[in-house]
Amino acid sequence: MKNKKVYFEICIIGSGLIGLVMALMLSKLNLKILLIDKTNVLNKKKKHCDDRTTAISQGTKRIFDSLGFWKRLELFAQPIKKILVHDEISESLEFDSKMLDEGPLGYIIQNNILKQSLLEEALRSKNIDFLENTEVININFYDEKNKVEVITEKRKITSKLVIGCDGRNSKSRYFSNLKSFEYKYLQNAYVFNISHEKDHFGVALERFFPAGPLAILPMKSSKKNSFNSSVVWTVDYELGDFSKLTKNEFKLEFLNRYQNFLGNIMNITDPNVYPLNVKYSYRCFRNNFVLIGDASQAIHPIAGQGFNLGVRDCDILLKNINQAMLMKKEIGSLEVLSKFSRQRSVDRKLFINATHNLNLFFSNNNKFLKGFRKMGISILQNSKFIKNQLMMVAMGLK
């Protein structure tokens, strides 16, 4: 079948959360944008309900606020007022938003609500078009021309700039021949929601065990006197695949680590299971093509920072494209994309290394490291200055 040729100023491959955020940001610059997705994204809500949650940092909230996105999301977002960190239940570290005058430490929102809100905003934009059920089969680069061509089975889409945000197993990264690094943690993350007896009062818990961390994140309740939280539970492969346990067996394993943190558990949803790895591209751009979000850097979920890292990619890329337009320069030029890469380098490396080393540091039973952890947590707990600096970084404000 002969391919139909079409043109858009910017083509975005992948219409997940980061793809939608990027499209909405760029639409403010009055650019014509095409979002390509291999799924039937416009009807996704009817077919599948994603009951996972996303952690939104204070910095991301402020970016959304400046773009007019936040008012709609705020109704469904649970503020995180305090974070408790426990090392095998013995040593504890507390981060309290009252220590800073910056608002909540972050927010927790359900993925299906976040996705649907962003999707509806995108559908209202006259500058955003969708191409669903479409698999990208190649990308053509032209060294001497200011364009790049995305090849699908039925269309050839020519653009000034192509943005790859199709996840950690990005095909667009493969087609662009950008090399990546991968490390497999030999851990599974079990993600599910719980309803519990006691009010969480906006408190999040991160409890570390040798086999992996357990995070309990407060969720906003839609019913009075109903308290819900989201759980991200990381377990080493050597303990087996907990998804094969019966529902009662899984609950007993969880309760053993939960330690009655929020009282009795009334309900546990069926867990989604994700093998964990870190994967990042050594170089994030090439000839009018750039990677953002998990396609550029997919990190361990230990600190809930993956989405926020992607939003900062979007924000910095938007500013560079806007500056290029004001200066009458090509939006996909080497100058624009190399500047974007330099500006994102420190933030990317910081969170890739921090989440990787934090998981390795806590997910072990080494006696020397256990003693070192105990001393380190004690020092942090008693240092207001260090805690404040860590909170500012985690909140995306520094």
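Two strands are said to pair if DSSP finds at least two bridges between them. Helices (H or I, at least four residues) and strands (E, at least two) are DSSP runs, numbered from the N terminus. The structure described here is a predicted model, in which local features need pLDDT of at least 70, side-chain atom pairs count only at pLDDT 80 or more, and totals for chains, interfaces and linings use all residues. Residues are numbered from 1 along each chain as its sequence is written, and side-chain values use heavy atoms, with hydrogens and water left out.

The pLDDT is the predictor's confidence in each residue, from 0 to 100. Its average over the protein is 91, and 96% of the residues score at least 70. Confidence is lowest in helix α2 (residues 44–47), with a mean of 52, and highest in strand β21 (residues 289–291), at 98.

An open sheet of three strands has the order β4-β8-β5, and its pairing is antiparallel. Strands β4 (53–57) and β5 (78–80) stand at the edges with a single partner strand each, so one side of each is left without a neighbour in the sheet. On average, neighbouring strands of this sheet are turned by 30° against each other, direction ignored. Strand β5 is joined to strand β8 (residues 106–110) by three bridges, and the two run antiparallel. Within this pair, Q78 has I108 in β8 as its bridge partner. Helix α3 packs on the sheet and touches β4 and β8, its direction making about 85° with that of β4. Contact means heavy atoms within 4.5 Å. Axes are lines fitted to C-alpha atoms, for helices over the stretch in contact, and angles run from 0 to 180 degrees between N-to-C directions.

Helix α3 (residues 58–66) also meets helix α8 (residues 306–326); their axes come within 9 Å and cross at roughly 40°. This angle makes α3 oblique to α8, where angles under 35 degrees count as roughly parallel, over 145 as roughly antiparallel, 65 to 115 as roughly perpendicular and the rest as oblique. The crossing of α3 past α8 is left-handed, a term used if the near helix is turned anticlockwise from the far one by less than a right angle, with right-handed used if clockwise. On the α3 side the residues in contact are T60, I63 and F64, and on the α8 side they are F307, N308, V311 and D315.

A second open sheet has six strands in the order β9-β3-β2-β13-β21-β20, with mixed pairing. Its edges are β9 (128–131) and β20 (285–286), each with a single partner strand, so one side of each is left without a neighbour in the sheet. Strand β3 (residues 33–36) runs parallel to β9, joined by four bridges, and I33 stands opposite I128 in β9. Helix α1 (residues 17–27) lies across β2 (10–13), β3, β9 and β13 (161–164), and runs at about 170° to β3. Eleven of the eleven residues of α1 are buried, that is, under 20% relative accessible area, whereas exposed means over 50% and partly exposed in between (1.4 Å probe, protein chains only). Among these buried residues are L17, M22 and S27.

Strand β19 (residues 272–281) has nine bridges to strand β14 (residues 180–196), and the two run antiparallel. In this pair, V191 stands opposite N272 in β19. Two bridges join β19 to strand β22 (residues 297–298), again in an antiparallel arrangement, with K279 bridged to A298 in β22.
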